[in-house]
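Me: I would like to learn how to read individual features of a model, going from single side chains to the whole chain. Could you take me through them one at a time?

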Amino acid sequence: VLLSSSNHAPYRFPADIPFIPKSTSMPQRMVEYSDWALGEFTAAAMERDWAKRTLFIYLGDHGASGDYRFHLPISMVHVPLIMTGPDLLAAEKCDDLASQLDVMPTVMGQLGLAYRNLGFGVDLCRERRSLSVFCNDEYLGCTDGEYFVSFNFDTPGYAGRMNPSRSPGTMALQRIEEMKDTALAYFRMADWLITEKK
């Protein structure tokens, strides 16, 4: 597992690399550098004898905060998951709702390996999610792809449509409450599993 923290301050370029950024903004330069570094890593890895039997997984831990009006903006949890293996997977694109919790079951399913799934994730190639639950240090969030809710235990939070130009209707209010209940259920179950050492 390789973790890049180059898009987090303090921003530093490695010395003596053949990379010249085009942007004038330092955060944007770091995004350019990350893109370049991933390309270099992938090109070098593909020359190794183990590359053809390796599943490469590229995953963002979180996105840019973007909209500071909200404590947990949807842009923070909208990240790519790229799985590639030259001789392992056929090319396909999926825009279905997903969660980072789904990475392990999906990878195991793609590799055809037996496993016990004791978590909240699903194999995205065999199941579809109706809701995705997420959090940051203080807020819980949930989306079904159309509606989005974020809240904590002390504030009412935010609820609305993913497309803000459309306002929520009466049917939406029931869906938003269901999403809130689901996020709380995930949180409480995870807390119970940790507390009870399950």
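Me: Which backbone atom does the side chain of Ser 99 reach?

Reply: In this predicted model, the side chain of Ser 99 comes to 3.1 Å from the backbone nitrogen of Leu 101. Ser 99 itself sits in the loop between β2 and α2, and, leaving aside residues up to four places away in sequence, Ser 99 touches Arg 129, Ser 132 and Val 133.

Me: Is Ser 99 buried or exposed?

Reply: The idea is to compare the relative accessible area with a cut-off, and a residue under 20% counts as buried. Ser 99 has 11% relative accessibility, so Ser 99 counts as buried.

Me: How should I read a salt bridge, and how many are there?

Reply: In general, side chains of opposite charge can pair when their charged atoms come close. Here the count comes to 6 salt bridges. One of them joins Lys 93 to Asp 95, with the closest N and O atoms 3.9 Å apart, a value to be read against a limit of 4 Å; both Lys 93 and Asp 95 are exposed. Another brings together the side chains of Asp 96 and Arg 128, at 3.2 Å from N to O.

Me: Why can the pair of Asp 96 and Arg 128 be said to tie parts of the chain together?

Reply: Asp 96 belongs to the loop between β2 (81–84) and α2 (103–111), whereas Arg 128 belongs to the loop between α2 and β3 (132–135), so the pair ties together parts that are 32 residues apart in sequence. As for accessibility, Asp 96 is partly exposed at 35%, while Arg 128, with a relative accessible area of 67%, is exposed.

Me: Which residue forms a salt bridge with Asp 144, and where do the two partners lie?

Reply: Asp 144 forms a salt bridge with Arg 175, and their closest N and O atoms are 2.8 Å apart. This pair links distant parts of the chain, since Asp 144 lies in the loop between β4 (140–143) and β5 while Arg 175 lies in helix α3 (residues 170–195), 31 residues apart. Salt bridges that share partners join Asp 144, Arg 175 and Glu 178 into one network.

Me: How do I read the pairing of β5 and β6?

Reply: As a general idea, in a regular strand the side chains alternate between the two faces of the sheet. In this case β5 and strand β6 (residues 158–161) pair in the antiparallel sense over 4 bridges, and Phe 148 stands opposite Gly 160 in β6. The two strands form a hairpin with 6 residues between them, and Gly 157 in the turn has a positive phi of about 80 degrees.

Me: What does Phe 151 touch, and is Phe 151 buried or exposed?

Reply: Phe 151 lies in strand β5 (residues 147–151), and, with residues up to four places away in sequence left out, the residues that Phe 151 touches include Tyr 139, Leu 140, Gly 157 and Leu 184. At 2% relative accessibility, Phe 151 counts as buried.

Me: Which residues form a nonpolar patch on the surface?

Reply: Ile 57, Leu 59 and Leu 81 form such a patch, and together they have about 220 Å² of accessible area. Of these residues, Ile 57 is found in strand β1 (residues 56–59), and Ile 57 is partly exposed, with a relative accessible area of 36%.

Me: Which residues have a positive phi although they are not glycine?

Reply: Asp 16 has a positive phi of about 55 degrees; Asp 16 is found in the segment before α1 (26–45) and is exposed, with a relative accessible area of 81%. Lys 197 also has a positive phi of about 55 degrees, lies in the segment after α3, and is exposed at 75%.

Me: What pattern does the protein follow along the sequence, and how many of its residues count as buried?

Reply: The protein has 3 helices and 6 strands, which follow the pattern α-β-β-α-β-β-β-β-α along the sequence. Of its 198 residues, 27% count as buried. The protein exposes about 14,000 Å², of which carbon and sulfur atoms supply 55%.

Notes. Residues numbered from 1 in each chain as written. Predicted model: local features only at pLDDT ≥ 70, side-chain atom pairs only at ≥ 80, totals over all residues. Heavy atoms only, no water. Buried < 20%, exposed > 50% of the residue type's maximum accessible area, 1.4 Å probe, protein only. Contact = heavy atoms within 4.5 Å. Polar contact = N/O pair within 3.5 Å; in protein donor to acceptor, adjacent residues only side chain to side chain. Patch = residues over 30% accessible without salt bridge, like charges linked within 9 Å, V, L, I, M, F, W, Y side chains within 5 Å. Areas by Shrake-Rupley, 256 points an atom, 1.4 Å probe, with all protein chains shown as cover. Pairing = 2+ DSSP bridges.
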